[in-house]
Amino acid sequence: MREEPAGELETNPLSPMEDGEEKERGIMGQEDVSNCQPGQPAHMDSQDAITETGENGVEVDTEMGEKGKEKGMEEGELKKEIEMELEAEVKVELCQSVPGLQMSFIRGTDLFGYVGIEAVLDQMRRKTMKAGLEFNIMVVGQSGLGKSTLVNTLFKSKVSRKSCTSNYEEKISKTVKLHSVSHVIEEKGVRMKLTVIDTPGFGDQINNENCWEPIVKHVNEQYEKYLREELHINRKRRIPDSRVHCCIYFLPPTGHRLRQIDVEFMKRLGKIVSIVPVIAKADTLTIEERQEFKERIRQDLAANGIRVYPQKEYDEDPEESVVNNRIRESIPFAVVGTDKEHQVNGHKVLGRKTKWGIIEVENVAHCEFAYLRDLLIRSHLQDLKDVTHNIHYETYRVRRLNESNVSFSELGLSPWPLENGTADKGDSESHL
Amino acid sequence: MSQSGEKGKFPDATGYVGFANLPNQVHRKSVKKGFEFTLMVVGESGLGKSTLINSLFLTDLYPERYIPGAAEKIERTVQIEASTVEIEERGVKLRLTVVDTPGYGDAINSQDCFKTIIEYIDNQFERYLHDESGLNRRHIVDNRVHCCFYFISPFGHGLKPLDVEFMKAIHSKVNIVPVIAKADTLTLRERDRLKRRILDEIAEHGIRIYQLPDADSDEDEEFKEQTRVLKASIPFAVIGSNQLIEVKGKKIRGRLYPWGVVEVENPEHNDFLKLRTMLVTHMQDLQEVTQDLHYENFRSERLKTGSSRAVDEDEVDKDQILLQKEAELRRMQQMIAQMQAQMKMKSDE
């Protein structure tokens, strides 16, 4: 199991999953021999059967220790509602997933007294709150598509300087320059360092050939920086993470299809970063036009082999697949952004006021901003970071280390660089 | 001194000649002959050009739209598609040609995308010039582009570099009417701000767009007011629609959103009516300006370069002759040198 840098929570999607589903998983896990999940920590009547395996359970406990930590969170949640009927079905079974390794499911009451494994949840939470999160988001799109406004709306604060303020000198820059702004946002004690990387000049020129190159370079540079930190002999306790976790690509609402520049950009960047395409300024499309546009975009994406987030290949388990499939059916999200509030039916809403009505940004009947926000922040924030770290970064790392396989001295490394435990499987075998 | 066959209409009053009737004759002749108008539409794809044209003329000029995918688009360069439709209203026939420019601004590199368009405009002028200079001038077909609607994207902060370059290239050849497309994406304040920025940038780059002529002082107040309003609204922020929506019992053209209905012909929602008014009341003026200004410019340029080309050719010929003569001289000198060398050798022997 990889060592988690302090302050990072595992995926903990509280809202979309109901307790009921989790309970089912717990039960399923029991009967599913290959899955080895701990059972419910129900307050069961202690049965003889359990005490028999009690001793067995104690030995196994240490092996289960690590797994238990992982699943500890779920057990904590399950504590809320336990139905008595389920108790009858619960039985202790020896799970034979790994030949020779006998594990049993330990419920909270089997152990002699309350051990307190679930307290790890609070510890993790406290650590996260102290350390804070880092999240780096890149926005790419032609000028005027509402990128800064959308970021401000997403994080409900003025993190991005809007380019249509009265004293802003609008000069379309001749080259694509990346522009990074960091803010620390705090909510209920949780601090997040949000970095927004803007890309003014993208796609604005007459000749836009290779306008994606500065962006590709920047993404790879961040990976390189992280790699170097990771390969140091004396590493920092928390490596500053400036890698791009998510790239929001803004599509103009033409209503037709993907343009050439869209295809070229997403083809290249889809391989190195998680792209979330959105339809900008979607208040110019009626609902049918929006659906047709999305359908055509999805066809174009598939036809060009472009993989956008969430990628199908990285779904870890079936119910994540279900959630992600639902998301995949509705990307790209059609969004409208604003920072102005208006009164609608007595309460204040974020919206755009026009002569024919008020477009409410957070109303899912009007636009899909709420879905985007939920995806990016409420449900998949940690997953985005994980995908960046486990998949995109690892791909980069493998490529880099393979390239410089011949001369380690190029990287300024000692001949035993990977002793610290982040060994590539291949390398560690060779050292053995 | 009474005239022609109009005797029945006007009394034989003294001092009345009767040529006040001339406009009627012109009117009748024109109505019989019909009007020709060529309108060019330029803009990036997806800005609603075709929808707007259909809404303007209440016809379906583009019935079956096939939208090519991104892969197919790579192969295409800008194309020129001209479609002609005959519209008749109250006995007046209009032969409208709409020239569409699909592919404009779609490629990653749009450097060459307006060359095709400029060539087309020049070709139409060339053909007219040729017909005009010909022997049989009875049936000259006027295919010159009288007006160009340039569609500006409402998503930007003003004019894009491509917009500026294109308009600078054609403002001396055709009447440009800038139009802000898909205006339902803008709130009122954003619209005003965008219009002001566009006008500022047009002035800054010295682009000459079509200026509506001021109303003559003898026109009625209403017309003067209308002209003033029209002039103040350029560039027009328009919305087009092919769909009929039912609003308060009436069927009107509009776009139905979950948050409301945008009415195409509602002056509070957009400037569509103003654009249509301008086009209709100034169609004649647009044709005139094309004829008197742009065509004359083109003609004088052509005739100037045409004559200077003849002079150049003479010079070129002279140069060539000189070169040839020099080459011959050199050859002769070489031959002489060779012969001298041979003779020397012989004498040495």
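User: What conventions apply to the numbering and the values?
Analyst: Residues are numbered from 1 along each chain as its sequence is written, and chains are lettered from A in the order in which they are written. In this predicted model local features need pLDDT of at least 70 and side-chain atom pairs count only at pLDDT 80 or more, while side-chain values use heavy atoms.

User: Why is the pair of Tyr223(A) and Tyr396(A) called tilted?
Analyst: Rings of Phe, Tyr and Trp (its six-membered ring) pair if their centres lie within 6.5 Å; planes under 30 degrees apart count as stacked, over 60 as edge-to-face and the rest as tilted. The centres of Tyr223(A) and Tyr396(A) are 5.5 Å apart and the planes stand at 40°, so the pair is tilted.

User: What makes the pair of Tyr249(A) and Phe265(A) stacked?
Analyst: The planes of Tyr249(A) and Phe265(A) meet at 20° and the centres lie 4.8 Å apart, so the pair is stacked.

User: Why does Tyr396(A) count as buried?
Analyst: Buried means under 20% relative accessible area (exposed is over 50%, partly exposed in between; 1.4 Å probe, protein chains only). Tyr396(A) has 8% relative accessibility, so this residue counts as buried. Tyr223(A), at 1%, is likewise buried.

User: What makes the charged end of Arg243(A) sit over the ring of Tyr226(A)?
Analyst: The criterion is that NZ of Lys or CZ of Arg is within 6 Å of the ring centre and within 35 degrees of the ring normal. The charged end of Arg243(A) sits over the ring of Tyr226(A), 3.7 Å from its centre.
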